[in-house]
Amino acid sequence: MYNRRFAVIILIIALTLSACIGSDNIGKKSEKFNNSQNADTQITKSDDTVQFHFIDVGQGDSILIQNGNTNILIDAGTSESGPVIYEYLRKLGIDYLDYFIGTHPHEDHLGGAASLLTGIDVGCIFLNMEGSTSYFYENFLTLMIERNIQPEFPDMDCVYKIGDLRLKFLSPTKDFEDENNNSLVLMVQFGDVKALFTGDAERAVESYLLSTGTDISADILKVGHHGSKYASTKEFLYAVYPSVAVIQSEEGNSYGHPHQEVLDRLADIDCSVLRCDQEGTIVLITDGKTIQRSNGENYELSSDKEKTPLAYIGNKKSKVFHLETCPNLPGEKNRIELASKEEAINLGYKSCGNCIGK
């Protein structure tokens with residue numbers, strides 16, 4: 001990770017010294033999403049509530065977290081969606097962000113950052129330690145240099161407090177050697193309500209968080225990697241056990257997001273699934289004890305849900321254990337029911353490489 005951080009710093013220095021990189025496209029307006037914003041932007045701001053705005057940016061991520069006059073933005077969608085996010089914020093009366101968090105330097109997460117931040121002031125910018133030589137990222141860094149903003153790399157051992165909000169970064173705590181898996185993973189808590197934002201982190205990160213015993217339980221989940229089947233493993237979803245999950249993807253996208261496998265896994269935990277590709281911008285509101293959508297729909301807290309534990313089946317001969325849904329389950333005579341993964345491991349069983357973690 002330190003080599004990656006060094007690479008980012010070197011890139012910033014190189015951009016500072018370079019006069020060759022232009023910013024002619026920064027701030028240019030896109031018409032693509034002009035009719036996609038259907039959220040109620042008349043929601044009353046209050047110190048007693050938090051609003052989570054999952055902004056429709058097509059095939060990308062952008063989430064506004066608002067508590068009174070506190071404003072946090074996670075990601076800025078694609079290069080085309082920067083002006084759309086800017087206009088959305090301006091309709092809410094926002095001209096200042098306390099934090100801008102770029103989960104990782106992919107175009108569908110940071111592409112709109114330069115255009116957006118041209119007209120929005122920001123107090124602190126959190127980035128992961130990945131660098132990129134892409135045009136949109138160099139524009140973004142150029143803008144930071146012009147604004148004299150030094151990016152921060154969040155401390156994974158620290159709880160960041162801003163008003164009544166508590167922010168804790170859960171990953172990456174090691175180098176996963178993949179830009180998606182090195183996404184910043186963030187837990188936001190307000191009162192009793194927790195929301196988990198996963199960027200494009202996939203199975204490797206989810207398995208790592210589970211192996212370290214990190215508390216990832218949350219009431220609201222921003223589904224990883226736009227609903228890709230390579231994220232949102234069954235074990236991970238059972239550990240989070242959200243009441244409501246939001247998927248940010250574009251209708252008819254070429255990746256097929258969200259994948260049916262993920263929708264099936266979410267159905268297994270009896271979770272309300274909201275999709276930007278179907279409904280446009282989605283706004284969830286919490287007073288720290290309840291969750292409500294801007295259209296009046298209510299959701300129970302995860303702590304109030306009846307949680308059915310995962311069932312594991314062991315193979316007595318091979319000493320391999322599986323999820324009960326695995327297609328490679330042993331015959332009835334060779335099975336042993338296991339109460340938990342911990343019990344299986346303590347009895348000397350090894351996990352099935354096909355189903356555990358999926």
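1. A residue counts as buried when its relative accessible area is under 20%. That cut-off is a handy place to start with this predicted model. Ile74 has a relative accessible area of 3%, so Ile74 is buried. This isoleucine lies in strand β3, which covers residues 70-74.

2. It is worth looking at what surrounds Ile74. Setting aside residues up to four places away in sequence, Ile74 touches Asp61, Ser62, Ile63, Ile65, Ile101, Thr103, Leu186 and Phe197. Leu64 is ten residues from Ile74 along the chain, and the C-alpha atoms of the two are separated by 6.4 Å.

3. Now the overall picture. The protein has 358 residues, and 56% of them are buried. Its secondary structure consists of ten helices and 19 strands. Among contacts with a separation of 6 or more, 67% are between residues 24 or more positions apart. The accessible surface comes to about 15,700 Å², with 45% of that belonging to carbon and sulfur atoms.

4. On the surface, please have a look at the patch of negative charge where Asp47, Asp48, Asp164 and Asp287 gather. Asp287 sits in the loop between β13 (282-286) and β14 (291-293). With a relative accessibility of 41%, Asp287 counts as partly exposed.

5. Two peptide bonds deserve a check by eye. Ser171 and Pro172 are joined by a cis peptide bond with omega about 5°, and Pro172 is in the loop between β7 (165-171) and β8 (185-190). The bond from His257 to Pro258 is also cis, with omega near -5°; Pro258 belongs to the loop between β11 (244-247) and α8 (260-268). Most peptide bonds are trans.

6. Backbone phi values are the next topic. Most residues other than glycine have a negative phi. Asn148 has a positive phi of about 60°, and its place is in the loop between α5 (135-146) and β6 (159-162). Ser232 has a positive phi of about 55° and is found in the loop between β10 (220-222) and α7 (234-240). Are these residues buried or exposed? Asn148, at 72% relative accessibility, counts as exposed, whereas Ser232, at 1%, counts as buried.

7. Apart from neighbours within four places in sequence, Asn315 is in contact with Val320, Pro330, Asn334 and Tyr349.

Technical notes
Residues numbered from 1 in each chain as written. Predicted model: local features only at pLDDT ≥ 70, side-chain atom pairs only at ≥ 80, totals over all residues. Heavy atoms only, no water. Helix = DSSP H or I, 4+ residues; strand = E, 2+ residues; numbered from the N terminus. Buried < 20%, exposed > 50% of the residue type's maximum accessible area, 1.4 Å probe, protein only. Contact = heavy atoms within 4.5 Å. Patch = residues over 30% accessible without salt bridge, like charges linked within 9 Å, V, L, I, M, F, W, Y side chains within 5 Å. Areas by Shrake-Rupley, 256 points an atom, 1.4 Å probe, with all protein chains shown as cover. Salt bridge = Lys/Arg side-chain N within 4 Å of Asp/Glu carboxyl O. Lys, Arg positive; Asp, Glu negative; His and termini not counted. Charge placed at Lys NZ, Arg CZ, Asp CG, Glu CD.
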